Amino acid sequence: NHYVVIMAGGVGSRFWPVSRTSLPKQFIDVLGLGKTLIQSTYDRFKQIVPEENIYVLTNHRYVGLVKEQLGITDENRIIGEPAMRNTAPCIAYACHKLEALNPNATLVIAPSDHLIQDTERFLADIERSLNAAENSNALITLGIKPSRPDTGYGYIQISDETLNGFTEFNKVASFREKPVLQVAQEYVASDKYLWNAGIFIWNVRTILAELEKHEEKLNAIFLVGREKYNTPEEKAFLEAYYPMCENISIDYAVMEKSELVYVLPVDFGWSDLGTWTSVYGLSQQDNRGNVLIPDANNIILYNSSNCMVNVPSYKKVVLKNLHNYIVVESNDTLLICPIDSEQEVKQVVADAAKQF
Ligand code: GDD
Ligand code: MG
């Protein structure tokens, strides 16, 4: 009765120029590990859930990439959404589809673009969560100890109350998606908050009831398709109805509102790999603090330190007297910028989209 739904429809612009609309970060080997992020995600879950129970939802334009990278041939397990509507419609749909298949399904909803360092610990936490979600009506999320007041995350206020029979799960007192900086600072200082890892575990009964309660309109759209899921008529249904969905993430739609949210505090080396700087920090640095991806054979450094170079292996690169810079090339585009001004890349991408 255990299923996994991998969400792979995000665009993400901060890994420009390597990541772009035609190739978002989940389809890239950001860290030079020999596997893309979605391949690593899929391989991890394959160890605890039969492959035929792993579904991937993505935008229709990435269906080919998913097939190619994961080698999935069963068309029913790769779903292309005809419009970009963020994670609530994606999750609502996936849960209705699985409920039609198996009303006792318990599932993991997983992002496709995170780094997880300790796979064994991660899988043990997922199995504990599946077991708890199967035997309760909890909406479970995994919580990470925050290390900085990042405004790109959801914050979970943890309480002392625990889930009946499963004491390692704490009831969530409140959930706040992407607070402003000042609020994030207060949360981090208070010690009572965890970051939402964006990985959810629940049974279909519970999530569908909560959707009905908090997102009635969205839920109604997917009730219309009941008879069509997992049949040849599913695609036409989606094309007609999916675009009607409101554009909203599950965090705002359900997690902030539900009273059934519980958190498992975890520590398995999690990173959502938001920026080149985060990749730099997680990669093997040489003795002068340089990170070279994919490997050093095509790069020569003279008196350079704390640089990150990420270029195709056919490209030969020489750096001389360069410090604290990012040098990233992809296809026809080259980005050179100081490591600390990297947050501004979003603006760069917007300008580049207009100019190039
Ligand atoms: N199929 C599909 N369709 N997938 C989507 C869509 C969509 O429309 N939109 C986003 N995704 C995928 C992304 O590819 C990613 O794997 C995952 O869903 C989460 O979406 P993001 O857009 O990356 O969310 P976020 O990072 O801003 O925020 C979420 O994750 C944070 C942790 O990384 C929230 O859950 C936060 O609360 C959380 O802290
Ligand atoms: Mg994300």
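## A patch on the surface

Patches are made of residues with over 30% relative accessible area and no salt bridge, and nonpolar side chains are joined into one within 5 Å. In this predicted model, Ile300, Tyr302 and Val318 make a nonpolar surface patch of about 300 Å². To find Val318, look along strand β15, which covers residues 317-320. Val318 has a relative accessible area of 55%, so it is classed as exposed, the cut-off being over 50%.

Now turn to the inside. In soluble globular proteins, nonpolar side chains tend to be buried together. The largest nonpolar core here has 48 residues, and the members that touch the most others are Val108, Ile126, Leu142 and Ile201. Helix α4, residues 119-134, gives the most to this core, with six residues.

What does Ile126 touch, leaving aside residues up to four places away in sequence? Its contacts are Phe45, Ile48, Val108, Leu142, Ile199 and Ile201. Another core lies apart from this one; it has 44 residues, and Tyr3, Cys90, Leu208 and Val254 are among them.

## Strand β2 and its neighbours

Strand β1, residues 2-7, pairs with β2 in the parallel sense over four bridges. Within that pairing, Val4 has Ile54 of β2 as its bridge partner.

Strand β3 (residues 78-81) also runs parallel to β2, and four bridges join them. Here you can pick out Val56, which stands opposite Ile78 in β3.

Helix α1 spans residues 37-46 and is mostly covered, with seven of its 10 residues buried. Those buried residues are Leu37, Ile38, Ser40, Thr41, Tyr42, Arg44 and Phe45. Which elements cover them? The cover includes strands β1, β2, β4 (106-111) and β5 (115-116), along with helices α2 (63-70) and α4.

The loop between β1 and α1 holds Pro17. The peptide bond leading from Trp16 to Pro17 is cis, with omega near 0°.

Strand β4 pairs with β9 in the antiparallel sense over four bridges, and Ile109 stands opposite Phe200 in β9.

Strand β6 (residues 139-144) runs antiparallel to β9, joined to it by four bridges. In this pairing, the partner of Ile140 is Ile201 in β9. Strand β7 (residues 154-163) is likewise antiparallel to β9, with three bridges, and Tyr155 stands opposite Trp195.

## Salt bridges

The structure holds 13 salt bridges. In one of them, Glu234 meets Lys97, with the closest N and O atoms 3.0 Å apart. This pair links distant parts of the chain: Glu234 sits in helix α8 (residues 234-241) and Lys97 in helix α3 (residues 87-101), 137 residues apart.

Glu168 forms a salt bridge with Arg128, the closest N and O atoms being 3.5 Å apart. Because Glu168 lies in strand β8 (residues 166-177) and Arg128 in helix α4, the pair ties together parts that are 40 residues apart in sequence. Glu168 is partly exposed, with a relative accessible area of 31%, and Arg128 is partly exposed at 35%. Arg148 and Asp150 also meet in a salt bridge, at 3.0 Å from N to O; Arg148 counts as partly exposed at 39% relative accessibility. Elsewhere, Lys35, Asp43 and Lys46 are linked in a network of salt bridges.

## Two asparagines with positive phi

Asn306 has a phi near 50°, a positive value in a residue other than glycine. You will find Asn306 in the loop between β13 (299-302) and β14 (308-310). Its relative accessibility is 29%, so Asn306 counts as partly exposed.

Asn321 is not a glycine either, and has a positive phi of about 50°. This residue belongs to the loop between β15 and β16 (325-330). With a relative accessible area of 44%, Asn321 is partly exposed.

Methods: Residues are numbered from 1 along each chain as its sequence is written. Chains are lettered from A and ligands numbered from 1 in the order in which they are written. This is a predicted model: local features need pLDDT of at least 70, side-chain atom pairs count only at pLDDT 80 or more; totals for chains, interfaces and linings use all residues. Side-chain values use heavy atoms; hydrogens and water are left out. A nonpolar core is a set of buried Ala, Val, Leu, Ile, Met, Phe, Trp, Tyr and Cys residues joined through side-chain atoms within 4.5 Å. Buried means under 20% relative accessible area, exposed over 50%, partly exposed in between (1.4 Å probe, protein chains only). Contact means heavy atoms within 4.5 Å. Patches are made of residues with over 30% relative accessible area and no salt bridge: like charges are joined within 9 Å, nonpolar side chains (Val, Leu, Ile, Met, Phe, Trp, Tyr) within 5 Å. Accessible areas come from the Shrake-Rupley method with a 1.4 Å probe; for residues, only the protein chains shown count as cover. A salt bridge is a side-chain nitrogen of Lys or Arg within 4 Å of a carboxyl oxygen of Asp or Glu. Two strands pair if DSSP finds at least two bridges between them.
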